[in-house]
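Hi everyone, thanks for making time. Let me put the structure up and walk you through a few places in it.

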Amino acid sequence: MGNITLKKVNKSFGATQVIPGIDLNIEDGEFVVFVGPSGCGKSTLLRLIAGLEDTTSGTIEIDGRDVTGAAPAKRGLAMVFQSYALYPHMSVRNNIAFPLKMAKLDHSAIDKKVTEAARILNLTNYLDRRPGQLSGGQRQRVAIGRAIVREPSAFLFDEPLSNLDAALRGTMRLEISELHHQLQTTMIYVTHDQVEAMTMADKIVVLNAGNIEQVGSPLDLYHRPDNLFVAGFIGSPRMNFATGEFSRPYNAHTIGVRPEHLQLSTQSGTWSGVVGVAEHLGSDTFLHIHVEGIGLVTARVGGDFGVSHGDQVFLTPDEGRVHRFNDKGLAIR
Amino acid sequence: MARAVSTRRTAAFTIAAWIVALIIFFPILYTIITSFKSETEAIQGFSLIPSGTVESYVEVQTQKDYFKPFMNSVILSVGSTLLALLISVPAAWSMAFSPTKKTKDVLMWMLSTKMMPAVAVLVPIYLIFRDFGLLDSRLGLTFMLTMINLPIVIWMLYTYFREIPGEILEAARMDGASLWGEIIYVLTPMAVPGIASTMLLNIILAWNEAFWTIRLTTTNAAPLTAFIASFSSPQGLFWAKLSAASTLAIAPILIMGWFSQKQLVRGLTFGAVK
């Protein structure tokens, strides 16, 4: 089981309030991603759940048990760190076995579990190496191995992929998702990368300045952002915003249109602009268009859309795809 | 072309390094050479070729007991090093892993005590030693050497401990290690190389310390530094004997340094080169 409930969790470092009071419920077996810009408090929140930081006030419950004051090891959680945090003087085998040794399991049980974890994570051939002799991806797998042998009620991941190169990040992302399907254990994953959040999560928690801006499934957040922050943070390239004369026809203070929800034409449309930089990805092209009164607008078009720098184009937002926000930045529905 | 230039550069640097090394080592070399000369040879002027006589060594042995100051040197340097580690490991530990706003100031203050010339406190220290009956005692001198080297030991250990990432300790905590489990299985194995090279360096520093060891001892607690000094005595200077005594005094530490040079170099450049 791995049901985690936060009630009015508050954290201050001295006079600085990092987390002003958060209520959150994480269901057993869920893959939850905490996402937000750096300094938003997502790592602190994870460390509060882990027990590596003490809460200033509020309670944390795991499966109905109040663990607010419990030591990290007593919470039944396992954590994978950004720096991997492997024990450099121990072999891969001993790294993975370490939590089991601390739990005083007998040798044969430890051996069996380590072998099984190594098999799942493709580490069988590396068991006798030291962490220093492994690549970044392999190290990360050892860190995950060390977490899974404990059979925790939940896994905590603190930006585990940010030290890897882009290609490896993609592979590891899939591996972690696959692992979640195999183990069906609650996972809490912290990242600043909204692509990781979108692709891996069952539920995303968007954090900003210690506050939860919105909680929902990836598509929920994409289609129905509660406010300007979530609208701007989720989705890549980010949503275009316009105010004033552009938003007035929609009865809103601000409107937002995603780059993929703009129709482009060289003849006619609602807004007109001049093509700036074009980013060709092959399948798609991102056009950055200067529109008088809005500024730079990003539009996503087919890979072979034939315009070049300096051309005049017309943009038309898809009906029903325009997000409306009031003067406080909250969504109007 | 570029290759030729770089080879020439490498050669130039190699020669320069050898010259510097020779200049640094020359006093030791010349001491050793002189120790194999007779007294008449020794005062005759500069010569790199000794007659090879061992009469000075024999003379030194018969005139004075080498073993006692040698044992004193061992006891003082090892004793003061262990005492220094006993104090500095917890001190450096707490400063590295739970620093406060004042940690940097405390470290600076410790280092600043090394900036004061020792002679400035000679009289008060001498009087304290006299009043507490610590003059010419191993205990007093061990304590003195500990105090002298403590700032350096703490600084070295502090830089070592700082290199141990905090996340590893947190990982151990998550993995269910108790405080002692954390110390025994994770911290100590990672800190041992650092503690070892600090220990080596401190033994060398304590072995060679001459200001206090000569001034605060006469016979009982006198280490090898005082043994050397005793050969520049009222009868006049006997260069060959003095050199023989010096060679005997530095030989143990030179041999130890030779065998542990890898550790020492690592210890001294730690943090600077990664």
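This is a predicted model: local features need pLDDT of at least 70, side-chain atom pairs count only at pLDDT 80 or more; totals for chains, interfaces and linings use all residues.

Residues are numbered from 1 along each chain as its sequence is written, while chains are lettered from A and ligands numbered from 1 in the order in which they are written.

So, what does the largest nonpolar core hold? It has 131 residues, and Val33(A), Leu156(A) and Ile188(A) have the most contacts inside it. Such a core is a set of buried Ala, Val, Leu, Ile, Met, Phe, Trp, Tyr and Cys residues joined through C-beta atoms within 7 Å; buried means 20 or more other C-beta atoms within 10 Å of a residue's own, with C-beta atoms placed from the backbone. Leaving aside neighbours within four places in sequence, Leu156(A) is in contact (C-beta atoms within 7 Å) with Leu46(A), Ile49(A), Ala50(A), Leu77(A), Met79(A) and Ile188(A).

Now the contact between chains: 17 residues come from chain A and 14 residues from chain B. On the chain A side, β6 (77–80) and α2 (92–102) each give two or more residues; helices here are DSSP runs of H or I, at least four residues, and strands are runs of E, at least two. The most come from α2(A), with three residues.

Over in chain B, helix α6 (residues 122–131) is hardly covered, with one buried residue among its ten. After α6(B) comes Gly133(B), with a positive phi near 65 degrees.

Finally, an unreviewed UniProt entry lists residues 4–234 of chain A as "domain: ABC transporter"; such annotations may be inferred rather than shown by experiment.

Notes. A residue is buried if 20 or more other C-beta atoms lie within 10 Å of its own, exposed if 12 or fewer, and partly exposed in between; C-beta atoms are placed from the backbone. Two residues are in contact if their C-beta atoms, placed from the backbone, lie within 7 Å.
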